[in-house]
Number of protein chains: 2
Amino acid sequence: MGISKIDKMHNLSKNQQIIFDLIDKSPEPLKAYTILYNVQKRGIKAPPQVYRALDKLVEMGKIHKIESRNAFIACHNSSCQVDKATAFSICEVCEKVTEISSTGLSKYLANFKDKDGMKYNKYNLEFFGLCKKCRT
Amino acid sequence: MGISKIDKMHNLSKNQQIIFDLIDKSPEPLKAYTILYNVQKRGIKAPPQVYRALDKLVEMGKIHKIESRNAFIACHNSSCQVDKATAFSICEVCEKVTEISSTGLSKYLANFKDKDGMKYNKYNLEFFGLCKKCRT
DNA sequence: TTATAAATGTTATATTATTACATAGTGTTA
DNA sequence: TAACACTATGTAATAATATAACATTTATAA
């Protein structure tokens with residue numbers, strides 16, 4: 001029998017679970033060292049433990065890295081099983097980050113071909129602007 | 001009279017010019033400390049000098065930062081006067097980076113509205129895959 | 001159970017980026 | 001020109017982000 005790949009995806013190791021829980025609860029992207037400080041009481045003491053868990057969680061698609069901010073947010077797009085196609089909006093004033101899930105956008109980008117007719121297996125898109133709150 | 005804003009955009013300061021020239025000549029994205037090592041003979045000795053020039057050049061749109069790689073490439077898209085709308089393809093094997101200039105893509109993204117009908121003033125898109133060479 | 005892979009613990013270090021403050025150049029305008 | 005504001009530079013120190021290397025433990029599968 002054994003567990004299927006899908007089941008396995010939800011089976012986080014101890015450190016992965018601790019770190020995922022923290023990110024998932026957070027209303028904003030968390031940085032690696034912020035995470036470290038917050039999980040030291042739970043036994044995770046050193047950077048490599050944090051970065052290893054982050055790497056795996058990103059691979060699994062459970063979290064995403066906001067590259068322009070070196071920070072991590074939980075994926076709330078249930079269809080994200082892999083780190084493959086990501087889009088975010090980022091408020092340049094309050095730094096609020098929201099994952100964009102637009103079928104139109106993801107279809108457009110997944111099918112985008114460059115001049116040479118090449119398609120890509122993965123992308124990351126970050127939009128910048130003012131969020132509703134900061135716009136007013 | 002004085003120089004117009006446009007003219008001024010092409011008037012780089014000494015350090016900016018040295019660093020721009022290096023990046024512009026390079027066939028691949030350069031990292032800040034690689035730049036530092038390469039311009040020390042020209043009198044630029046410390047990180048802040050490099051980062052300050054990089055910041056200005058990015059603002060002007062003369063270079064772009066590849067966020068996922070912490071590296072910088074010259075803009076070869078002549079219409080880029082500002083750091084506003086950027087798209088790149090990145091080969092995951094050889095790390096070759098190419099700026100994408102597709103009217104269709106930039107129009108689509110400039111006009112993209114999220115669920116709340118919000119448009120953004122800026123974006124950065126990074127595609128990942130295999131370049132021609134590495135694909136074969 | 002034994003081999004294998006995945007995850008962990010730990011120390012040290014590498015890489016990327018900024019703060020803070022002093023000085024010098026450039027353009028503007030009174 | 002003198003005074004001012006603004007931009008750029010020089011320099012030392014340090015902060016923030018990330019990885020290497022190696023020993024050990026835990027989980028999984030044959």
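Visitor: At what angle do the axes of helix α2 (residues 14-25) of chain A and α4(A) cross?

Guide: They cross at roughly 75° and come within 9 Å. Axes are lines fitted to C-alpha atoms, for helices over the stretch in contact, with angles from 0 to 180 degrees between N-to-C directions. Helices (H or I, at least four residues) and strands (E, at least two) are DSSP runs, numbered from the N terminus. This is a predicted model, where local features need pLDDT of at least 70 and side-chain atom pairs pLDDT 80 or more, while totals for chains, interfaces and linings use all residues. Residues are numbered from 1 along each chain, chains are lettered from A, and side-chain values use heavy atoms, without hydrogens and water.

Visitor: Why are α2(A) and α4(A) called roughly perpendicular?

Guide: Angles from 65 to 115 degrees count as roughly perpendicular (under 35 roughly parallel, over 145 roughly antiparallel, the rest oblique). The angle is roughly 75°, so α2(A) is roughly perpendicular to α4(A).

Visitor: Which residues of α2(A) and α4(A) meet?

Guide: From α2(A) come A:N15, A:Q16, A:I19, A:F20 and A:I23, and they meet A:Q49, A:V50, A:A53, A:L54, A:K56, A:L57 and A:M60 of α4(A). Contact here means heavy atoms within 4.5 Å.

Visitor: What about helix α3 (residues 32-39) of chain A and helix α4 (residues 47-60) of chain A: at what angle do their axes cross?

Guide: At roughly 115°, and the axes come within 10 Å. These two helices are therefore roughly perpendicular as well. Meeting there are A:A32, A:Y33, A:I35 and A:L36 of α3(A) and A:P47, A:V50, A:Y51 and A:L54 of α4(A).

Visitor: What makes A:E95 and A:R69 a salt bridge?

Guide: The term needs a side-chain nitrogen of Lys or Arg within 4 Å of a carboxyl oxygen of Asp or Glu. Their closest N and O atoms are 2.6 Å apart, and the pair forms a salt bridge. A:E95 sits in the loop between β3 (85-91) and β4 (97-99) of chain A, and A:R69 in the loop between β1 (63-66) and β2 (71-74) of chain A, so the pair ties together parts 26 residues apart in sequence.

Visitor: How many salt bridges does the rule find across the interface of chain B and chain A?

Guide: Two. In one of them, the side chains of A:E92 and B:K122 meet at 3.6 Å, N to O. Over all chains, the count comes to four.

Visitor: How many residues does each chain bring to the contact?

Guide: Chain B gives 29 residues and chain A gives 29 residues.
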